[in-house]
Amino acid sequence: MRDAYAIELRNITKRFGKVVANDGVNLSVRRGEILAVLGENGSGKTTLMNVISGIYYPDEGQIFVHGEEVTIRSPKDAFPLGIGMIHQHFKLVDVLTAAENIVLGLEGPTKLDIPAVATRISELADKYGFEIDPNKKIYEMSVSEKQTVEIMKMLYRGANILILDEPTAVLTPQETDALFAVLRNMRDAGNAVIIITHKLNEVLALSDRVSVLHKGKYVGTVETKDATVESLTEMMVGTKVTLDIDRPDPVDPQVRLVVKEITCVNKEGVTTLDHASFTAYGGEILGIAGVAGSGQKELLESIAGLTPKESGEIDFYPPDQPMQEISKLSAVEISRLGIKLSFVPEDRLGMGLVGPMDMIDNMMIRSYRKGGFFWADRRSPRTLAEHVIGTLEIDTPGVTTPVGKLSGGNVQKVLVGREIASAPTVLMVAYPVRGLDINSAYTIYALLNVQKMRGVAVMCVGEDLDVLLALCDRILVLCDGRVAGIVDARTATKEQIGLMMTHTGKGGYRDGEDETRPA
Amino acid sequence: MGTIVIFIQKAIGQGMCILFGADGEILTEKSGNLNLGVPGMMYMGGIAGLAAAFLYERAVGAPSAFVGFLLSFLAAVLAGALGGLIYSVLTTSLRANQNVSGLALTTFGVGLGNFFGGSLSSLSGGVGQISVATTASAYRTKLPLLSDVPLLGPILFNYGILTYFAIALSIVMAWYLNRTRQGLCLRAVGESPATADAAGINVSLYKYLATCIGGAIAGLGGLYFVMEYSGGTWTNNGFGDRGWLAIALVIFARWRPMNAVWGSILFGALYILYLYIPGLGRSSQEIFKMLPYIVTIVVLILTSLRRKKEDQPPESLGLHYFREER
């Protein structure tokens, strides 16, 4: 029964330049079914969903909707096919009401009849078990209410194939339960629902079938009732790939940074980091693993003095000097105290470098306070820029070229080069090889190893478990803002870390009983 | 009593000119375009209307007031819309900086007005000699009968057609913005163009149309000044800072056309208040002329303190929208 499939994808391939985001992916959803699409970060889940909703156009492959082949070139093509996508970032107008947002852009009589719209919204809400106030302004709403408006927007337009991209990432457990109840009602009413997630417990609780992607490739689809946490983890992390990354043994590890029970709460009141504790040693690379948004960013930023902390303590042990507590200091105060802490943020051209400025000026961001009382010292940053270009083999027309014009790998080298130049005691890098080609990635690994051998405490947030297992000495695994454990990278397995990342795993050690502590 | 009636009449006379500018700018800003070219567009509308009427009256032996009215009205609307079009091409298509483009448009429009004002003067035989009395009489025709009603007549019905047009326009705009589908789309474009785009709204089209129509409305403000207020004459720089007052009024009215109506009359009253206060020297007059701006600053402070979302400017005001930019 072919047309039993609400939507079917065959051999979808999508490339971005040299990067293959989706490689021959097959996927199908029946009416009255919830399909979970599972995969690690960067496995191509969101790209695939954007192909369905018309934001990207696939390079190869076919899409069938209710058994008929279709071409979806833009979101406008997707609406009439009944495809509605709810993005992670809501597209709503803050000063308008829920009802106004829902009818925005729809055809109809010139005069807008908001009471009629509100009635229709209430009908739909009753049908699926929503709570929604059509006349409430978006800016007065909680995240979960906004999500409800987004879902309602799709239903109001008559969508019967709903795609939700990580819908529970921003919700509390109670809100998640309410959302799942709504999604089940939608399924029972004959709609097809696709939910993208990397939370295994949600997959098992909600879905009928699970399709797994790994690094852009389609791994397979299983019935949820036949699946277990272990079997799904195995599919999700894939088989171990041996990487030829150099890993010298740590020499004389010294305590450099002690983090005690750090808790962070973000603007929305969500706890992003929950009593996280660990110790970083000089002369080793500490990997930080976790699914996206598990608190990696907050962990590094709270150490760097960029994110306010609710509670907890961070102690810094400089070589041959007394310990300093840096928990309550801002980034400026930390650098003023002469604490050599370097941070290579994930957002290179937003937080790390200024794109339209050249290399000299970007080097000066670190050193502009030096120099005379009025004139800035431009000579030493120029020397430094030339030195960095030489040693890191940066491919650039010259030191005066805006860094935003360089390729991703070279931008990263400029940033890492600048941070290393200040001879840090602690070096924190977030996703250092994201978007880089293989050769640039290996250059960066080599740079990190050089710092490690200099006795620097290196902390590296990564998403590729193979790389972390090959590069790091120890790996700290975060799950929902908590430290799920710290494992020895030389003996740990991908499955072990995968299970710890997704909450359910045991193994590893809480930091208090850290047996992987270097001798 | 008589003085008060005249004061109200004069205040409304000053206000309507500003109201046109403010209405035009409200429509423009609702699309997210901060067009500081309003003073320029008002100049352009004024001089175009005057030139059309002047050339028509010169070319025809016995000019008809009605034809002169039509021609000058059309010319003012087109000139204002042209200003909006220049601005739209610069900011929406070429993504030039909105503030710089707007200020350039003002400089251009004022210069254009003064230049052609000078040309028309020489054509008519000297400074202060331009007169399009026939056309101006059409604009200055008062409502028959009603204007003779005691008290109410002089206050409410003693004005030319553009005054009533300005108020009707404000009512229509308020209805359009708040009660129609297109108005909702326009507001969405100004608040969050990315959201509007995702909802299938043609963002650039809305920006272009709102800015050009807004320009045309602002142009009518210039026409009002030339025809109804000045009676069909031209003085270089005679328009003064009314264009900037219009922009101040937009903020004062918190982007609501109906607020702009009473706000414009208040601004007009404050603008001429110094004439009615006895014993003012030249320097103290200038202090009174600042009143509308002071009131605007007070409103800005109050709305900032109250932090009510509805009283804030459209969220993407002054920003470009480019879909591929993230």
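# Legends to the close-up views

View 1. With a relative accessibility of 31%, A:A423 counts as partly exposed, a class that lies between buried (under 20% relative accessible area) and exposed (over 50%), as found with a 1.4 Å probe and protein chains only. This is a predicted model, in which local features need pLDDT of at least 70 and side-chain atom pairs count only at pLDDT 80 or more, whereas totals for chains, interfaces and linings use all residues. Residues are numbered from 1 along each chain as its sequence is written, chains are lettered from A and ligands numbered from 1 in the order in which they are written, and side-chain values use heavy atoms, with hydrogens and water left out. A:A423 is found in the loop between α14 and β17 of chain A, where helices (H or I, at least four residues) and strands (E, at least two) are DSSP runs numbered from the N terminus. Although A:A423 is a residue other than glycine, its phi is positive, near 50°.

**View 2. Residue A:E393, in the loop between α13 and α14 of chain A.** Helix α13 covers residues 379-392 and helix α14 covers residues 408-421 of chain A. A:E393 is not a glycine, yet it has a positive phi of about 50°. With a relative accessible area of 64%, A:E393 is exposed.

**View 3. Strand β18 of chain A and its parallel partners β13(A) and β17(A).** Five of the five residues of β18(A), residues 457-461, are buried, so this strand is largely enclosed by the rest of the structure. A:A457, A:M459 and A:V461 point one way from the strand, while A:V458 and A:C460 point the other way. In a regular strand the side chains alternate between the two faces of the sheet. A:I285 stands opposite A:V458, and A:A430 stands opposite A:V461.

**View 4. An open sheet of four strands in chain A.** The strands follow the order β12-β11-β14-β15, and their pairing is antiparallel. At the edges are β12(A), residues 271-281, and β15(A), residues 324-325, each of which pairs on one side only. Strand β11(A), residues 255-265, is joined to β12(A) by seven bridges in the antiparallel sense, and A:F278 in β12(A) is the bridge partner of A:V259.

**View 5. Helix α7 of chain B, residues 161-179.** This helix of 19 residues reaches 26 Å from its first C-alpha to its last, close to the 27 Å expected at 1.5 Å a residue, the expected span being 1.5 Å times one less than the number of residues. Which residues of α7(B) are buried? They are B:L162, B:T163, B:A166, B:L169, B:S170, B:M173, B:A174 and B:L177. These residues cover an arc of only 135° around the axis, which puts them on the same side of α7(B); the arc is that of the directions from the helix axis to the C-beta atoms. An α-helix has 3.6 residues a turn, so residues three or four places apart point the same way. The buried residues of α7(B) pack against several helices of chain B, including α1 (2-30), α3 (65-93) and α12 (257-276), where a contact means heavy atoms within 4.5 Å.

Technical notes:
Two strands pair if DSSP finds at least two bridges between them.
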